[in-house]
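Here is a short briefing to read alongside the model. Take a moment with the sequence and the fold, and then we can walk through the main points together.

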Amino acid sequence: MRLLLALLALAALGAAAAAAVGAGREAEEAAQAGRFSTPEQHRCSWELRSAAGASELRLSCRPPAGGGAARSCAYRGEPRRCPAYGARSRQYWRQILGRLRRRRHPCAQGGPLSARLCGPGRAPPEAQLRLLPAPGPSPPAAAAEPTEDPAETYCAERWHSLCSFFVGFWEG
């Protein structure tokens with residue numbers, strides 16, 4: 001009789017633990033979408049989708065009022081190939097979103113996105129997120145790009161303000 005009661009108690013504890021794990025998964029799934037703003041005041045919403053080992057981060061960014069049309073883009077990579085991703089996936093995505101938040105135009109062509117914990121030398125290149133080519137005609141949008149700020153084109157993000165100063169000084 002005691003054995004039967006002990007087995008029932010263990011089964012009840014196992015069911016409670018499984019429910020707690022399921023609730024944790026639901027919370028993670030709920031945290032797979034959000035919003036942020038860039039330094040240029042673009043308001044962006046993001047959504048994370050994972051399938052077959054690859055993850056896709058979809059962005060939709062609206063410029064400030066009167067700033068033009070909204071842009072959408074997607075980044076894809078295999079972050080699971082990074083050894084640190086399994087134990088610290090939340091930190092990985094926080095770092096990726098932080099990098100996007102600091103970009104002036106998150107959907108503009110740039111280098112691949114990688115989190116510090118899975119940076120170069122710590123993970124294979126497939127773990128980095130790369131911007132997917134936009135479907136549809138992109139040449140008209142590319143024609144508007146040459147008017148872009150030279151400091152943004154030729155200087156790293158951390159030197160942008162200093163570089164902008166010198167470019168502005170040079171151009172008069």
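The link of Cys73 and Cys107 is left-handed, with -75° about the S-S bond. Cys73 sits in strand E4 and Cys107 in the loop between H2 and strand E5 (130-131), so this pair ties together parts that are 34 residues apart in sequence. Please keep in mind that this is a predicted model.

**The Cys73 and Cys107 pair**
- The sulfur atoms of Cys73 and Cys107 are 2.2 Å apart in this disulfide.
- Cys73 has a relative accessibility of 12%, so Cys73 counts as buried.
- Cys107 counts as buried too, because its relative accessibility is 7%, where the cut-off is under 20%.

**The Cys44 and Cys61 pair**
- A disulfide joins Cys44 to Cys61, with an S to S distance of 2.1 Å.
- Cys44 belongs to strand E2 and Cys61 to strand E3, so the bond ties together parts that are 17 residues apart in sequence.
- This link is right-handed, with 115° about the S-S bond.
- Cys44 and Cys61 are both buried.

**The Cys82 and Cys118 pair**
- Cys82 is joined to Cys118 by a disulfide with an S to S distance of 1.9 Å.
- The torsion about the S-S bond of Cys82 and Cys118 is about -85°, so this disulfide is left-handed.
- The pair links distant parts of the chain, 36 residues apart: Cys82 is in the loop between E4 and H2, and Cys118 is in the loop between H2 and E5.
- Both of these cysteines, Cys82 and Cys118, are buried.

**The largest nonpolar core**
- This core has 25 residues, and those touching the most other members are Leu57, Leu59, Tyr75, Tyr92, Ile96 and Leu100.
- At least two core residues come from each of strand E2 (43-51), strand E3 (54-62), strand E4 (71-77) and helix H2 (89-102).
- Helix H2 gives the most to this core, with five residues.
- Beyond its neighbours within four places in sequence, Leu59 is in contact with residues including Phe36, Trp46, Tyr75, Leu100 and Pro106.

**Arg102 in helix H2**
- Arg102 is placed in helix H2.
- Its relative accessible area is 48%, so Arg102 is partly exposed.
- Arg102 and Ser37 are 65 residues apart along the chain, while their C-alpha atoms are separated by 8.7 Å.

Note on methods
Residues are numbered from 1 along each chain as its sequence is written. This is a predicted model: local features need pLDDT of at least 70, side-chain atom pairs count only at pLDDT 80 or more; totals for chains, interfaces and linings use all residues. Side-chain values use heavy atoms; hydrogens and water are left out. A nonpolar core is a set of buried Ala, Val, Leu, Ile, Met, Phe, Trp, Tyr and Cys residues joined through side-chain atoms within 4.5 Å. Buried means under 20% relative accessible area, exposed over 50%, partly exposed in between (1.4 Å probe, protein chains only). Helices (H or I, at least four residues) and strands (E, at least two) are DSSP runs, numbered from the N terminus. Contact means heavy atoms within 4.5 Å. A disulfide is a pair of cysteine sulfur atoms within 2.5 Å.
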